Each structure stands twice: as structure tokens, then as C-alpha cells.
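Please read them beside the structure.

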Amino acid sequence: MTDLTGVSASGGGTGTVQTSGPVLLEAIDLHKSFGSTTALTSASMRLRAGEVVAVMGPSGSGKSTFLHCLAGIVPPDAGIVRYRGRDLGGMSDRVRSQLRRTDFGFVFQFGQLVPELTCLENVALPLRLGGVRRRAAEQKATAWLERLEVAGVANKRPGETSGGEGQRVAVARALVTGPTVVFADEPTGALDSLNGERVLQLFVTAARDTGAAVVLVTHEPRVAAYSDREVVVRDGRTRDLEVAR
Ligand SMILES: Nc1ncnc2c1ncn2[C@@H]1O[C@H](COP(=O)(O)OP(=O)(O)OP(=O)(O)O)[C@@H](O)[C@H]1O
Ligand SMILES: [Mg+2]
């Protein structure tokens, strides 16, 4: 029997299951509707430092909405999201945006890189926005592109890369600032399985190396194999049994 802390008996799996340590992020009983459509009816989870959690469930079940609420992008209608014990709903927009920049990283299905910038500039951008000088930012960005095995696209624009390369660049951009949590919504959903597998391997390995926790939304069981734990969303409700791997 597990509870919402996800602190359950565990073993096996592909990595270290974090069963102790501080709770970084906590969602309690989130509700969210868009007009007459209810996206979340009761969604809860806890994320500990360094933990990789796969959020699974069928299309339309509320996964993306849940992720957006967890990341402070969308406010829930009811329920609480706490990051390091602080209620995101109680923060000003400015403080919340600042938090997203300093502590969170994001990878979406189609990368969402800035098309006018080179891949190197895209990866350097979050550092530049944080006040890092160009040279230092680009050095760091270069190291991250190398780590994701896409140094060769540094001077290309995103439109000149393959889907897999673009997603690696997006992963580099998400990790370059050393976030404590990376939110990924179907990060390999647009890639073929071989490419997707490699991007995931690189992503999860790099996140584990840097100690970043990951919330990985997917409906592919194959993707979830890279996680420590799964949270299943169905009809806007998280299953109260969080399955430990
Ligand atoms: N901005 C919005 N406006 C209106 N309805 C929305 C909005 N965002 C989500 N919904 C609805 O909320 C429900 C949950 O959507 P959500 O995008 O969270 O599902 P999902 O599990 O991520 O699906 P998928 O696997 O297809 O990405 C769906 O019925 C969807 O149509
Ligand atoms: Mg979605």
C-alpha cells in the first residue's frame, strides 16, 4: 500500500528510487476546469529531490493540465501546489515567473526553440536572461550541446535540425541553468522510437547527474521505464496508488 507521498516499498527499475529526502514539490487535491470541461477533479502528488516521476494516462485525462499546475503556469481552481513548502498560489506573478526561470526547466513536445536564434544561442538564452555574460553563457551552452551529442548543430537554426536534434537542444536548454525540477510534456512524442529512446536516455541520465528531479508526462509505457515511479491520471484524478517501480 502506498500513499500520496509515494514513499512506498520499491526496488528494481532503472535508477535510484528516492524514498527519503525533502519533498520539493507537492500538489494536493487539484481541481481545474476550462469552461464546462473539467480537466482535473482531484490530482495530487509529491516529488522529492532528484526523483524522476512519469505521469501517465490516456489522451485527455489531464496530464498536461496537471503539469502546468505543478509548474505554476496555470493556476488550479482549487487545491494547493507547494514548492519547497511555499504555496505557488500565494506568490505574485512576478515571483512565480522568477521561480520558473531560476528553479525550473521545461521540455515540450516540439521543443519550442526560438526560430531566429541558433541552437547555441537558444541554449545560452536562459543564462543570458539570468544575467550571465555572453561568453560564459555560450561556453556553458556548448558544453551542454556536447553532452547531448549535438555539438554539430550549434550554429544552425532550429528549423535546420532534425526532430531528434531539436529535442536534444531543448533538453540542453532546460538543464543549462541547473534547475531543481524539469517538467517535460511528451518530450519525445514527435520522434520515432529509436530517436526518442536515445533522447530520453540522454535526458534522464543528464538530469540524474545534475540531481534535477523530473516530471515526465507521457502516455507511452516505454518512456515510463526511465522513471523511478509512475503517477497515473485518469479522468482528471490521480490514482491514489502511486506505483513504485
Ligand atoms: N486551455 C484549454 N481550454 C479548454 N479545454 C482544455 C484546455 N486545456 C485542456 N483542456 C481540456 O481538459 C482536458 C484535459 O486536457 P489535457 O491537455 O490536460 O490532457 P492530456 O492528458 O495532456 O492529453 P494528451 O495526452 O492528449 O496530451 C481535455 O478534455 C482537454 O480538452
Ligand atoms: Mg497533453
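1. The model is predicted, and the ring-pairing rule gives 4 aromatic pairs in it. One of them joins F104 and F183 in an edge-to-face arrangement. Their centres are 5.0 Å apart, with 75° between the planes.

2. The F104 and F183 pair connects distant parts of the chain. F104 belongs to strand 6 (residues 104-107) and F183 to strand 7 (residues 181-185), and the two residues are 79 apart. Both F104 and F183 are buried.

3. F183 also pairs with F106. Here the ring centres are 5.5 Å apart and the planes meet at 20°; since planes under 30 degrees apart count as stacked, this pair is stacked. F106 lies in strand 6 and F183 in strand 7, so this pair too ties together parts of the chain, 77 residues apart in sequence.

4. F183 is buried with a relative accessible area of 0%.

5. The residues above belong to one aromatic cluster, formed by Y83, F104, F106, F108 and F183.

6. A separate point concerns D228. This residue sits in the loop between helix 7 (221-224) and strand 9 (229-234). Is D228 buried or exposed? D228 has a relative accessible area of 1%, so it is buried. Its side chain makes a polar contact with the side chain of R208, at 3.1 Å.

Technical notes
Residues are numbered from 1 along each chain as its sequence is written. Chains are lettered from A and ligands numbered from 1 in the order in which they are written. This is a predicted model: local features need pLDDT of at least 70, side-chain atom pairs count only at pLDDT 80 or more; totals for chains, interfaces and linings use all residues. Side-chain values use heavy atoms; hydrogens and water are left out. Rings of Phe, Tyr and Trp (its six-membered ring) pair if their centres lie within 6.5 Å; planes under 30 degrees apart count as stacked, over 60 as edge-to-face and the rest as tilted. Helices (H or I, at least four residues) and strands (E, at least two) are DSSP runs, numbered from the N terminus. Buried means under 20% relative accessible area, exposed over 50%, partly exposed in between (1.4 Å probe, protein chains only). A polar contact is a pair of N or O atoms within 3.5 Å; within protein, one must be able to donate a hydrogen and the other to accept it, and residues adjacent in sequence count only if both atoms are side-chain atoms.
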